[in-house]
Amino acid sequence: MDLVIIRWPRKGQDEEQVSVLFGRCQHRGALMDDGHGDGDNLICGLHNRDYDYRTGVRSYNPAERLQRFSIWIEKSAQQLNNFFRVSTELMQVMARACGHDDLGKFCIDDLTT
Ligand code: FES
């Protein structure tokens with residue numbers, strides 16, 4: 001299934017919001033990741049239909065919408081973010097243990113020695 005994932009700041013809140021939308025335009029099925037953002041809208045790259053990235057709904061015709069998978073994915077996105085953050089911290093520790101002052105200097109040879 002094609003999905004588009006968009007992170008956006010909610011006004012007055014520190015926490016970012018995540019919208020996960022069906023990734024195919026409702027007009028002719030173009031991939032929405034070929035589109036672009038404009039204000040609060042995700043614009044289809046083929047014929048410029050606009051969808052509010054917060055809701056997936058078109059302002060011109062609210063009956064047309066990209067299905068939104070928000071609640072389930074938000075929890076998974078947070079867990080994935082935690083996994084990557086902790087993995088990066090672990091790799092930084094391993095790089096320091098190998099005598100590097102920067103994670104970018106850590107290489108495959110460090111793991112085999
Ligand atoms: S396919 Fe997206 S607007 Fe036509």
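**Entry 1: the parts list**

I counted 2 helices and 5 strands in the chain. For me a helix is a DSSP run of H or I with at least four residues, a strand is a run of E with at least two, and both are numbered from the N terminus. Read along the sequence, they come in the pattern β-β-β-β-β-α-α.

I number residues from 1 along each chain as its sequence is written. This is a predicted model, so I take local features only at pLDDT of at least 70 and side-chain atom pairs only at pLDDT 80 or more, while totals for chains, interfaces and linings use all residues.

**Entry 2: overall shape**

How far does the C-alpha trace span along its principal axes? I get about 60 × 30 × 25 Å. The radius of gyration of the chain is 20 Å, whereas a compact globule of 113 residues would have one near 13 Å. That radius is taken over C-alpha atoms, and the globule rule is 2.2 Å times the number of residues to the power 0.38.

Next I looked up the domains, whose bounds come from an automatic or database domain assignment. The assignment gives domain 1 as 3–68 and domain 2 as 72–112. Their centres, taken over C-alpha atoms, are 32 Å apart.

I also checked burial. Of the 113 residues, 12% count as buried. My cut-offs: buried means 20 or more other C-beta atoms within 10 Å of a residue's own, exposed means 12 or fewer, partly exposed is in between, and C-beta atoms are placed from the backbone.

**Entry 3: the hairpin**

Strand β1 (residues 3–9) and strand β2 (residues 16–22) run antiparallel and are joined by 7 bridges. I call two strands paired if DSSP finds at least two bridges between them. Leu 3 sits opposite Phe 22 of β2, and Val 4 faces Leu 21 of β2.

The two strands make a hairpin with 6 residues between them, and Gly 12 in the turn has a positive phi of about 80 degrees. Lys 11 is in the loop between β1 and β2 too. Is Lys 11 buried or exposed? It counts as exposed, because I find 5 C-beta neighbours inside 10 Å.

**Entry 4: the open sheet**

Which strands form the open sheet, and in what order? I read 3 strands, β3-β4-β5, with antiparallel pairing. β3 (36–38) and β5 (50–52) stand at the edges with a single partner strand each, so one side of each has no neighbour in the sheet. Neighbouring strands here are turned by 35 degrees against each other on average, direction ignored. For such angles, axes are lines fitted to C-alpha atoms (for helices over the stretch in contact), and values run from 0 to 180 degrees between N-to-C directions.

β3 and β4 (residues 41–43) pair over 3 bridges, and Asp 38 stands opposite Asn 41 in β4.

Then I stopped at Asn 48, in the loop between β4 and β5. Its phi is positive, about 65 degrees, although it is not a glycine. Most residues other than glycine have a negative phi. Asn 48 counts as partly exposed because it has 13 C-beta neighbours inside 10 Å.

**Entry 5: the core**

Which residues make up the largest nonpolar core? I list 9: Val 20, Leu 21, Cys 25, Met 32, Leu 42, Cys 44, Tyr 51, Tyr 53 and Leu 66. Such a core is a set of buried Ala, Val, Leu, Ile, Met, Phe, Trp, Tyr and Cys residues joined through C-beta atoms within 7 Å.

Leaving aside neighbours within four places in sequence, Cys 25 is in contact (C-beta atoms, placed from the backbone, within 7 Å) with Ala 30, Met 32, Cys 44, Leu 46 and Arg 49.

**Entry 6: towards the helix**

Glu 64 is in the loop between β5 and α1. Asn 81 is 17 residues from Glu 64 in sequence and 31 Å away in space, C-alpha to C-alpha.

Last stop: Asn 82, in helix α1 (residues 70–97). It counts as exposed because it has 10 C-beta neighbours inside 10 Å.

Key. Two residues are in contact if their C-beta atoms, placed from the backbone, lie within 7 Å.
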